Amino acid sequence: MRYFIFFIVIVAFIDTFSQLPIMSPFAKSISPSPAFIGLIVGMYSFSNMIGNVLAGYWIDKSGAKNVLVSGLALTGSILVLYPLVGTPMQLIAIRFLHGLFGGFLVPAAFTVIANRGKSNKQGKAMALSGAAVGSSAIMGPAFGAVVASKYSVDWVFLIIAATMISSAVFAFTFLTSKRNEEAKRTDAHSERLLPLMKEPMLAVSYAGAFSLMFAQGTLAYLLPLQVENLQFNSIFSGILLSTFGMTAILIFLLPINKIFDKYKHQNTMMTGMIIIGMALILLSSASSLAYMFFCMVLYGTGFALLFPSINALIAKYTTEKTRGKAFGLFYAFFSLGVVAGSTFLGVLGVSFRDGFAIAAVVLLFTVCAMHLYFRKNSTSFLKSQE
């Protein structure tokens, strides 16, 4: 059952990553307006944030299984509608609903993983989940591009829809619910998001999530421009991104993943952020493919340290009564970081060198703020949390 949950994580992220090479051309086939194409691409992330937050409330009220099954079924049903699109307004509506229902999946899946995991093994469990996400990042764009070119864009949506609806049936039939009656009775006392954001370790996790995905949005936006500027074949953009993903997956799966439970999550998180910041600074001055590949291996190492750590912090510093909202809010910060990274730098119109430097500054500034906070509260707060 654990592997089935990891499979659902892969399916959820493949749904997202497979859109990268096909959504802009698909939107262009409906309307050639650049503004419309930008709106369609951004609409998914916007409504996904709303879905993440709504999912959090729903998970804590009804249990992660119910939200997971509903999210799979609803998202699969919406995907079936893409081939029927004929007008811009229809596509906008479908993209909004796709992002909204898709936002239910990841918080629900990670809540199930956290609830089923042992308290002292959350880091390793989240590392394995990270491997599932990394696999999706590698397979998703390739799947979308290959199926769309060999058959049609419609088949990308239909295949993923069939997989999601089948997974919903399987999850409904075989996935056991860990929700207990005591948690249900205490829901009224844990309905607000603000107390979660005031919890120091959760706030740290949210800051880490935003910083990570700000860097990720920057990388997705600027790396292809850098490859083009250096006059390398455009295929190397995909290969470089796959390199960072493969590096992260190896660290997630190899015995080294024990470090996520051996050391404090906040320490591995900050180490990962520093490594990613260094990778971005080095990447800003890269002028050869070999050097760029080295930077992406370094980036993947930082990502591998950061992603499980911030997820494990959520699992450790929440209970089953609040974990759904915590993960929902967490992945809303994920979506916000991606949108902020690409949009902010796009508006500034900076070069790839300046853009990578800005993203690095965001990461390293966040690390400095976290370090000062932990140092200031080391004798009181941290000891009480051990």
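Of the 386 residues of the protein chain, 52% count as buried, meaning under 20% relative accessible area with a 1.4 Å probe, protein chains only; exposed means over 50%, and partly exposed lies in between. This is a predicted model, in which local features need pLDDT of at least 70, side-chain atom pairs count only at pLDDT 80 or more, and totals for chains, interfaces and linings use all residues. Residues are numbered from 1 along each chain as its sequence is written, and side-chain values use heavy atoms, with hydrogens and water left out.

The chain holds 18 helices and zero strands. Both are DSSP runs numbered from the N terminus: helices are H or I with at least four residues, strands E with at least two. Take the contacts between residues at least 6 apart in sequence: 84% of them join residues at least 24 apart. Contact here means heavy atoms within 4.5 Å.

Start with helix α4 (residues 64-79) and helix α5 (residues 88-102). Their axes come within 9 Å and cross at roughly 160°. Axes are lines fitted to C-alpha atoms, for helices over the stretch in contact, and angles run from 0 to 180 degrees between N-to-C directions. α4 and α5 are therefore roughly antiparallel. That term covers angles over 145 degrees; under 35 is roughly parallel, 65 to 115 roughly perpendicular, and the rest oblique. The crossing is left-handed: the near helix is turned anticlockwise from the far one by less than a right angle. From α4 come G71, L74, T75, I78 and L79; from α5, I94, L97, H98, F101 and G102. Six of the contact residues are nonpolar, four are polar and none is charged. Nonpolar covers Ala, Val, Leu, Ile, Met, Phe, Trp, Tyr, Cys and Pro; charged covers Asp, Glu, Lys and Arg; the others, Gly among them, are polar.

K65 also sits in α4. K65 counts as buried because its relative accessibility is 18%. A polar atom of the K65 side chain lies 2.7 Å from the backbone oxygen of L175.

Now turn to α11 (200-229) and helix α14 (residues 265-284). Their axes come within 11 Å and cross at roughly 20°. That makes α11 roughly parallel to α14. This crossing is left-handed. Among the α11 residues in contact are M201, V204 and L223, and the α14 residues include M269, I276 and L283. The contact has eleven nonpolar, four polar and no charged residues.

Q231 lies in the loop between α11 and α12 (235-253). Its relative accessible area is 74%, so Q231 is exposed. Phi of Q231 is near 65°, a positive value in a residue other than glycine. Most residues other than glycine have a negative phi.

Methods
A polar contact is a pair of N or O atoms within 3.5 Å; within protein, one must be able to donate a hydrogen and the other to accept it, and residues adjacent in sequence count only if both atoms are side-chain atoms.
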